[in-house]
Amino acid sequence: MAASTEHVEVTDPPEMDKTEHPETSRDPDPSDSDPVGQDPDPDQDPDPDQDEDEDEDEDGGEPPGPKIRDTPEDIKLEAIANTVALHPSRDVLVCGDVDGDVYAYSYSCTEGQTRELWSSGHHMKSCRQVRFSEDGLKLYSVSRDKAVHLLDAERGQLVTRIRGAHEAPINSLLLVDQNLLATGDDRGTLKVWDMRKGTAIMDLKHHEDYISDITVDQAKRILLTASGDGTMGVFNIKRRRFELLSEYQNGDLTSVALMKRGKKVVCGSSEGTIYIFNWNGFGATSDRFALKAESVECIVPVTDNIMCTASMDGYIRAVNLLPNRVIGCIGQHVGEPIEELAKSWDSRFLVSSAHDQLIKFWDISSLPNTTINEYRKRKKKDGRMKSLTKKAHGDNDFFSGLVEETEKKEEEEEEEDDSDSDSGSD
């Protein structure tokens with residue numbers, strides 16, 4: 001059912017331009033005016049040398065173009081964004097906020113070119129998650145209002161609405177394939193929908209608390225769920241049945257992802273620990289890795305062994321799996337809990353949404369080339385994590401250059417210490 005244009009809210013673009021390019025005025029500077037007591041002679045010819053310089057600027061010089069940034073500019077929202085998703089083939093992102101509104105933006109590294117495309121206010125309550133289809137033409141969203149929405153991703157118009165899809169507010173969403181959609185609610189119920197018919201083909205409740213996250217294996221056969229009851233659930237889509245629950249872990253399980261080409265499953269927790277399972281060994285963890293973080297709210301795999309995690313403390317950490325290491329800090333929303341992370345289609349940027357009502361971009365293009373040593377490096381005296389991006393410890397950090405130089409010096413000292421110890425052991 002197509003939505004009428006009355007449901008589409010569009011923010012006035014000129015209002016954003018005013019904030020980005022404020023008009024400034026200043027009093028005339030005596031140094032800029034003519035010398036005191038000398039009136040300009042209208043009959044006097046202008047300075048020929050000055051004319052030559054201006055002609056050279058006009059003929060040979062080019063006007064300064066728009067500034068190119070390392071990352072797109074931050075996007076300031078009117079409310080906290082619970083969720084963010086990036087288009088699978090274009091520089092477009094979509095976010096859903098606590099007011100139930102969904103916004104689409106095009107982003108660019110050219111200053112002033114990031115802009116709003118459309119907005120949609122079809123949800124009556126907080127939008128919990130949004131996801132693009134594989135071709136990027138459709139957009140799915142779920143909400144606290146218990147509804148599942150299918151939108152036209154180009155225009156933001158409502159195509160299909162499933163009212164009362166769950167008996168409890170919906171918390172998580174996963175696109176299994178082009179036809180199947182999985183949703184989890186606040187009471188632990190998992191449903192799998194055939195969107196061609198708009199009906200649920202699986203409706204199972206085996207968790208005692210909310211389902212925080214859902215993922216699926218590459219073969220699209222096994223669904224894994226993370227729950228607030230501290231367990232990971234295993235469900236067989238092909239046979240449409242429940243398989244098992246893992247043993248209980250400390251704290252809520254807040255996220256789940258596949259690593260090591262699907263051979264390992266990692267779950268984040270509210271206690272700041274990453275729990276590691278072997279594939280087909282879902283009953284008990286094979287390992288665990290405690291981060292010095294308040295929590296692990298979400299996990300985004302970057303490579304087979306490197307993932308990015310977000311926390312309630314506002315930090316985005318790059319973590320290596322086996323050997324288990326915190327590589328460093330990607331960035332932060334200072335003092336604000338982070339809701340979700342997403343990776344761009346070209347794997348160049350990581351995008352984060354947090355309680356500061358900002359969408360931020362981080363350059364992670366060099367992260368896959370990071371080399372992880374088997375030995376543990378000596379920890380920094382100030383306890384600060386290694387900066388992996390220019391904005392890692394603040395967008396306007398005056399001492400960022402000094403921090404980078406200090407880190408390089410410390411790494412060189414560590415390498416010297418290691419080489420000395422190796423030579424002494426021979």
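This is a predicted model: local features need pLDDT of at least 70, side-chain atom pairs count only at pLDDT 80 or more; totals for chains, interfaces and linings use all residues.
Colleague: Thanks. Where is Pro-368 found?

Modeller: Pro-368 sits in the loop between β28 (358-363) and α3 (400-425). Those labels are DSSP runs numbered from the N terminus: helices are H or I with at least four residues, strands are E with at least two.

Colleague: And how far apart are Pro-368 and Ile-306 in sequence and in space?

Modeller: In sequence they are 62 residues apart, while their C-alpha atoms lie 7.4 Å apart in space.

Colleague: While we're on prolines, which peptide bond is cis, with omega near 5 degrees?

Modeller: That's the bond from Leu-322 to Pro-323. Pro-323 belongs to the loop between β24 (315-320) and β25 (325-332).

Colleague: What does β14 pair with, and in which sense?

Modeller: Its partner is strand β15 (residues 222-227), in the antiparallel sense, over 5 bridges. Two strands pair if DSSP finds at least two bridges between them. Within this pair, Ile-211 stands opposite Ser-227 in β15.

Colleague: Which residue in that hairpin takes a positive phi?

Modeller: Lys-220 does, with phi near 60 degrees, and the hairpin has 5 residues between its strands. Lys-220 is a residue other than glycine, and it is partly exposed, with a relative accessible area of 30%.

Colleague: How many residues of β20 are buried?

Modeller: Strand β20 (residues 273-278) has 5 of its 6 residues buried, so to speak mostly covered. It pairs in the antiparallel sense with strand β19 (residues 264-269) over 4 bridges, and with strand β21 (residues 287-290), also antiparallel, over 4 bridges.

Colleague: What's in the turn between β19 and β20?

Modeller: The hairpin has 3 residues between its strands, and Gly-272 in the turn has a positive phi of about 85 degrees.

Colleague: Last topic, charge. Which residues form the positive surface patch?

Modeller: Lys-125, Arg-144, Lys-146, Arg-187 and Lys-205. Patch residues have over 30% relative accessible area and no salt bridge; like charges are joined within 9 Å, and nonpolar side chains (Val, Leu, Ile, Met, Phe, Trp, Tyr) within 5 Å. Areas are Shrake-Rupley with a 1.4 Å probe, and for residues only the protein chains shown count as cover. A salt bridge puts a side-chain nitrogen of Lys or Arg within 4 Å of a carboxyl oxygen of Asp or Glu. Lys and Arg count as positive, Asp and Glu as negative, and His and the chain ends are not counted; charges are placed at NZ of Lys, CZ of Arg, CG of Asp or CD of Glu.

Colleague: What about Lys-146, where is it?

Modeller: Lys-146 lies in the loop between β7 (138-143) and β8 (148-152). It is partly exposed at 31% relative accessible area, and has a positive phi of about 75 degrees although it is not a glycine.

Definitions and conventions: Residues are numbered from 1 along each chain as its sequence is written. Side-chain values use heavy atoms; hydrogens and water are left out. Buried means under 20% relative accessible area, exposed over 50%, partly exposed in between (1.4 Å probe, protein chains only).
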